[in-house]
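Welcome, and please take a moment to look over the model below. We will walk through it together, one feature after another.

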Amino acid sequence: MIMAVRSKVPEYMISDKVVRIKEMPKNSNGKIDRKYLIKNFKSYVK
């Protein structure tokens, strides 16, 4: 996956870490639940 991204975007735009999740969490409105992501994947963020 990283190799495909490297061929399309500049190096400075590629993250050091990639976290795979099966499905994006959604809130009751059907939008991506950013608060859930921040709370549960905080250890991956610098």
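Helices (H or I, at least four residues) and strands (E, at least two) are DSSP runs, numbered from the N terminus. With that in hand, find isoleucine 14, which sits in the loop between α1 and α2. This is a predicted model, where local features need pLDDT of at least 70, side-chain atom pairs count only at pLDDT 80 or more, and totals for chains, interfaces and linings use all residues. Residues are numbered from 1 along each chain as its sequence is written, and side-chain values use heavy atoms, leaving out hydrogens and water.

Isoleucine 14 counts as buried because its relative accessible area is 13%; buried means under 20%, exposed over 50%, and partly exposed in between (1.4 Å probe, protein chains only). Setting aside residues up to four places away in sequence, isoleucine 14 touches Ile2, Val5, Arg6 and Val9, where contact means heavy atoms within 4.5 Å.

One of these neighbours, arginine 6, leads us to a charged pair. Side chains of opposite charge can pair when their charged atoms come close. Here arginine 6 forms a salt bridge with glutamate 11, and their closest N and O atoms are 3.6 Å apart. The term asks for a side-chain nitrogen of Lys or Arg within 4 Å of a carboxyl oxygen of Asp or Glu, and the structure holds one such bridge. Arginine 6 is partly exposed because its relative accessible area is 41%, while glutamate 11, at 52%, is exposed.

Finally, look at isoleucine 32, in the loop between α1 (2-6) and α2 (34-40). Its relative accessibility of 42% is why isoleucine 32 counts as partly exposed.
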